[in-house]
Amino acid sequence: MVNLSFNLLLFAFFAYLIATVFFAFSLRKRKKETESSKTASKESRRGFVFASLGLLLALGYFITRWYVAGHPPVSNMFEYMTFLGIAMSLAFVILYFIYPSKADVIGFFAMPTVMLLIVYASTFETAISPLVPSLQMPLMLKLHIITTSIGQGLLAIGFAAGLAYLIRTIDLTTKSWKPRALEVIMYSILCFLAYSTLSHGFAAAGYEVEFQYVNEEGVVSEQPMVYNLPAIVGPNEWELLTEGAMEPWVSVPSNIEASDLNDLIWSFVAGLVLYWLLRLILRKRLTKAIQPLLKNISPQTTDELSHRAIAIGFPVFALGGLVFAMIWAQIAWSRFWGWDPKEVWALITFLFYAVYLHLRLNKGWHGEKSAWLCVIGFAIIMFNLVFVNLVIAGLHSYAS
């Protein structure tokens with residue numbers, strides 16, 4: 001059953017890939033979009049079929065893994081990042097039913113994001129393991145984590161639409177900060193892809209290095225810290241246990257998860273190499289290569305889609321990420337709020353999207369301003385999921 005769940009997820013990945021190709025063809029062939037456009041193109045409908053197939057296969061993975069584990073598979077980074085991708089694809093499928101003639105542009109950005117989340121998730125431990133004590137509450141696990149992920153999936157659709165709007169409307173030939181900022185976004189996306197490729201390559205080679213270190217309590221840890229990539233940064237007061245391995249250049253304080261920080265550094269380095277390799281192949285900025293596909297897209301369409309996705313996703317995220325989370329915290333740790341790093345960043349995410357809706361509804365922040373906020377909001381979500389969850393030690397560190 002475990003192998004079946006992985007195979008279903010693999011097939012889902014390829015279904016999303018095929019959907020992306022069809023959405024790209026749909027954008028390339030589409031005529032100038034008008035408000036009267038009601039019918040989706042043949043390529044767009046085929047893309048939707050494969051996106052729906054990918055969703056069904058991914059849900060099959062989720063159900064079979066749930067059956068084997070005996071609990072919802074959202075308890076570690078592999079499971080949560082995978083489910084976030086599933087939630088995003090579910091949000092897209094629902095959106096397509098509402099806007100069949102306009103959603104191909106969202107599909108072109110959303111499907112690669114879903115694939116990237118799945119690929120990145122696969123770099124973490126995939127084995128099914130027993131729940132830690134604070135997660136051994138099935139009802140709260142369902143309400144808090146699943147609801148939060150669905151909300152984030154909807155907010156991710158807002159990011160996809162916002163990014164499409166910016167690439168479509170910004171003059172990329174100017175020397176202002178805007179084209180550069182879009183390139184930074186593309187580079188950040190490539191960092192996830194490059195790290196995933198690098199991680200799987202070293203894993204296939206069987207690379208593993210162990211360090212003895214001093215933990216937060218000031219004592220030598222009973223379990224060594226394992227690195228799966230060459231060590232650029234080492235743990236607090238490290239001692240290399242693996243002979244012949246590369247020694248770290250610097251060490252970090254005990255409240256930093258050194259191995260995860262090392263992985264992040266490698267992702268930035270590998271992402272930079274991949275980015276410039278693509279620049280050499282394309283002989284232009286990545287956003288300039290994408291922009292021609294969006295020339296017949298109505299900016300008003302993507303602006304409307306991003307707002308509606310966030311308007312729906314915001315209350316769902318607030319319910320799961322704050323309300324249910326505080327109830328769970330009271331049961332698990334006997335307090336509703338404790339200023340744990342992940343709790344703080346969940347609050348920051350909530351406040352940011354609250355400000356977004358306020359500015360849009362009451363201050364008239366439509367179009368480009370709104371799109372930038374959509375992109376920044378999703379960057380905050382990913383910062384919380386990746387950096388805060390992995391690098392900064394806290395009550396949620398078990399997730400890694």
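Modeller: What follows is a close look at one pair of helices, and then at a few other spots.

First, some ground rules: this is a predicted model, so local features need pLDDT of at least 70 and side-chain atom pairs count only at pLDDT 80 or more, while totals for chains, interfaces and linings use all residues. Residues are numbered from 1 along each chain as its sequence is written, and side-chain values use heavy atoms, with hydrogens and water left out.

Let's start with helix α2 (residues 42–69) and helix α3 (residues 77–98). Helices here (H or I, at least four residues) and strands (E, at least two) are DSSP runs, numbered from the N terminus. How do you describe two packed helices? You give the angle between their axes and the distance between the axes. For α2 and α3, the axes come within 10 Å and cross at roughly 145°. The axes are lines fitted to C-alpha atoms, for helices over the stretch in contact, and the angles run from 0 to 180 degrees between N-to-C directions. The crossing is left-handed, meaning that the near helix is turned anticlockwise from the far one by less than a right angle (clockwise would be right-handed).

Now for who meets whom. On the α2 side the list includes S44, R45, F48, A51, L55 and R65; on the α3 side you'll find, among them, F78, E79, S89, F92 and F97. Contact here means heavy atoms within 4.5 Å. Sorted by class, this meeting of helices has 15 nonpolar, 4 polar and 3 charged residues. (Ala, Val, Leu, Ile, Met, Phe, Trp, Tyr, Cys and Pro count as nonpolar, Asp, Glu, Lys and Arg as charged, and the others, Gly among them, as polar.)

A few of these names come up again elsewhere. Take M111, which sits in helix α4 (residues 104–121). M111 counts as buried because its relative accessible area is 0%; the cut-offs are under 20% for buried, over 50% for exposed, and partly exposed in between, with a 1.4 Å probe and protein chains only. Leaving aside neighbours within four places in sequence, M111 contacts Y16, A19, T20 and F23, plus A51, S89 and F92. A51 belongs to α2, while S89 and F92 belong to α3. M111 also lies 9.5 Å from A15, C-alpha to C-alpha, though the two are 96 residues apart in sequence.

A127 is in the loop between α4 and α5 (138–169) and is partly exposed, at 39% relative accessible area. Its C-alpha is 10.0 Å from that of N76, 51 residues away along the chain.

Back in α3, look at L95. It is buried at 8%, and it touches I106, I157 and L305, not counting residues up to four places away in sequence. L95 and R308 are 213 residues apart in sequence, yet 9.4 Å apart in space, C-alpha to C-alpha.

Next, a spot made of strands. Three strands form an open antiparallel sheet in the order β2-β1-β4. β2 (225–227) and β4 (239–240) stand at the edges with a single partner each, so one side of each has no neighbour in the sheet. Strands count as paired if DSSP finds at least two bridges between them: β1 (residues 209–212) has 2 bridges to β4 and 3 to β2. Q212 stands opposite E239 in β4, and E210 stands opposite V226 in β2. In a regular strand the side chains alternate between the two faces of the sheet. In β1, V209 and F211 make up the covered face, and E210 and Q212 the uncovered one.

Most residues other than glycine have a negative phi. E237 counts as exposed because its relative accessibility is 58%.
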